[in-house]
Amino acid sequence: MKDLLQLIRTLAWLAFAAAIYQELRKPPEARTWNGKVAGVVPYDFRVPTLARLREAYWAPESDEVFSEKVFGVGWAVNIPVAARKLSEIVSQYAESTASLRRRGHDEPSAPRDEPSPRPVEP
């Protein structure tokens, strides 16, 4: 587990360095300080605004759990959508386990073959 965390941390630093490098390769007038590393990992080094914060972290009308991060490299978690989806998963799990438990109690259990008690020797 420690190795996985180290790998994730290393990949995050590499994406950060790649984003900076990507912007510094552009002429100064063409630098936007936001985009995607390798066309996949989003980055944004602009000063965050309240509207972008809300759009990234609090957009209940959206259906996307992950959105482009407001500042830095990577993705942001849309909190209300994540909570809604997690709630759906938990309720589906609860319903399925409840139906399995009900089915288990409704069906008569088959008699088990129990070993006969051994006679006690005097």
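In this predicted model, the largest nonpolar core is built from six residues, namely A15, A19, V37, Y43, F45 and V73.

Three residues lie between the strands of the β1 and β2 hairpin, where A38 takes a positive phi near 55°. Strand β2 is also joined, by two bridges and again in antiparallel fashion, to strand β4, which covers residues 72-73, and here Y43 is placed opposite V73.

Nonpolar side chains are also found at the surface, where M1, L4, L5, L7, I8, L11 and L14 form a patch with about 750 Å² of accessible area together. Of these residues, L11 belongs to helix α1, which extends over residues 2-25.

For the protein as a whole, the secondary structure comprises three helices and five strands, arranged along the sequence in the pattern α-β-β-α-β-β-β-α. Buried residues account for 17% of the 122 residues, and the accessible surface comes to about 10,200 Å², with 62% of that area belonging to carbon and sulfur atoms. Among the contacts with a separation of 6 or more, 27% are made by residues 24 or more positions apart.

How values were computed
Residues are numbered from 1 along each chain as its sequence is written. This is a predicted model: local features need pLDDT of at least 70, side-chain atom pairs count only at pLDDT 80 or more; totals for chains, interfaces and linings use all residues. Side-chain values use heavy atoms; hydrogens and water are left out. Patches are made of residues with over 30% relative accessible area and no salt bridge: like charges are joined within 9 Å, nonpolar side chains (Val, Leu, Ile, Met, Phe, Trp, Tyr) within 5 Å. Accessible areas come from the Shrake-Rupley method with a 1.4 Å probe; for residues, only the protein chains shown count as cover. A salt bridge is a side-chain nitrogen of Lys or Arg within 4 Å of a carboxyl oxygen of Asp or Glu. Helices (H or I, at least four residues) and strands (E, at least two) are DSSP runs, numbered from the N terminus. A nonpolar core is a set of buried Ala, Val, Leu, Ile, Met, Phe, Trp, Tyr and Cys residues joined through side-chain atoms within 4.5 Å. Buried means under 20% relative accessible area, exposed over 50%, partly exposed in between (1.4 Å probe, protein chains only). Two strands pair if DSSP finds at least two bridges between them. Contact means heavy atoms within 4.5 Å.
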